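Dear colleague,

Please find the structure below, followed by an account of what was found in it. I would be grateful if you could read the two side by side.

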Amino acid sequence: MFDWLKKKMQPPSVQAEPAPEILGLRLGGGFELDTLKLSLLEGQVTFEGAAGTQIIQAVGRVILDESHQLLRFYTDDDGFVQVLLSGGTGDDCVAEVKLWYFYQTRPVDGDAAWNRLLDSELVQPEWSLDGQLFTRAWDNTRPVAMTESTWLKDGSRSETDQFVMIYERPLADTDDVEVLMVAAEEKILHQRAERSLIFATGIDLGPTDFRFVS
């Protein structure tokens, strides 16, 4: 009887917030890319050898403002699908979908190097990568600050502060562009800041360019 009473008096357990889902994309799920689109872009974009079928290993969410957020679905192919939501969290609120691939990650050591990166190095009129010239896509004079909450398959969550600038370049004989994301990232682990500079390149995906399979 006393055990029962003790249990009744305990506050209800708080359920962990599940990882976001959209367009059938979910943590642990899979999707297929349109191989025709990939083949047409082969040789024009920086990334190569994109897998036709990919499994989502982690999900990130960035709240941009009251009505906009980014969802990022990180895959087993060293890339991620990014979905921009506007005005809500349902499929009908999807404003943009991009496929990104990581190009390079560099460690940033020391406060001086970190501050210099944010103050004067990350935002440039142009950025050269892999022999291609990308032009700044945003008018900001400083990188855009955002915080990403990330859900992992093992049930853990983490947060990362990001300072981002976007660049782009037109692709020949198409209306498409290739986008370059330059992001300074900071994560606090064991009361220490781990900082890095990350480069990723991406393309737009249309509704017929991918589909979820599991």
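Which residues are buried in helix α3 (residues 111-121)? They are Ala113, Trp114, Leu117 and Leu118, where buried means under 20% relative accessible area, exposed over 50% and partly exposed in between, with a 1.4 Å probe and protein chains only. Seen down the axis of α3, these buried residues fall within an arc of 130 degrees, so they line one face of the helix; the arc is that of the directions from the helix axis to the C-beta atoms. On the other side of α3, Asp111 and Ala112 are exposed. The buried residues of α3 pack against β9 (157-170), β10 (177-189) and β11.

Please note that this is a predicted model, in which local features need pLDDT of at least 70 and side-chain atom pairs count only at pLDDT 80 or more, while totals for chains, interfaces and linings use all residues. Residues are numbered from 1 along each chain as its sequence is written, and side-chain values use heavy atoms, with hydrogens and water left out. Helices (H or I, at least four residues) and strands (E, at least two) are DSSP runs, numbered from the N terminus.

Strand β9 also holds Thr160, which is buried with a relative accessible area of 7%. Leaving aside neighbours within four places in sequence, Thr160 is in contact (heavy atoms within 4.5 Å) with Met146, Thr147, Glu148, Glu185, Glu186 and Lys187.

Strand β1 (residues 30-33) is joined by three bridges to β2 (residues 53-63), and the two run antiparallel; strands pair if DSSP finds at least two bridges between them. In this pairing, Gly30 stands opposite Ile55. Three bridges also join β1 to β12, again antiparallel, and there Glu32 stands opposite Arg211.

Glu32 is also among the contacts of Asp209, together with Leu33, Asp34, Lys37 and Asp204, when neighbours within four places in sequence are left aside. Asp209 lies in the loop between β11 (192-204) and β12 (210-212). Is Asp209 buried or exposed? Asp209 is buried, at a relative accessible area of 10%. Its side chain reaches the backbone nitrogen of Gly206 at 2.6 Å.

Finally, Leu70 in strand β3 (residues 68-75) is buried, with a relative accessible area of 8%. Not counting residues up to four places away in sequence, Leu70 touches Gly60, Arg61, Val62, Leu64, Gln82, Val83 and Leu84. The C-alpha atoms of Leu70 and Ser86, 16 residues apart along the chain, are separated by 9.1 Å.

Yours sincerely

How values were computed:
A polar contact is a pair of N or O atoms within 3.5 Å; within protein, one must be able to donate a hydrogen and the other to accept it, and residues adjacent in sequence count only if both atoms are side-chain atoms.
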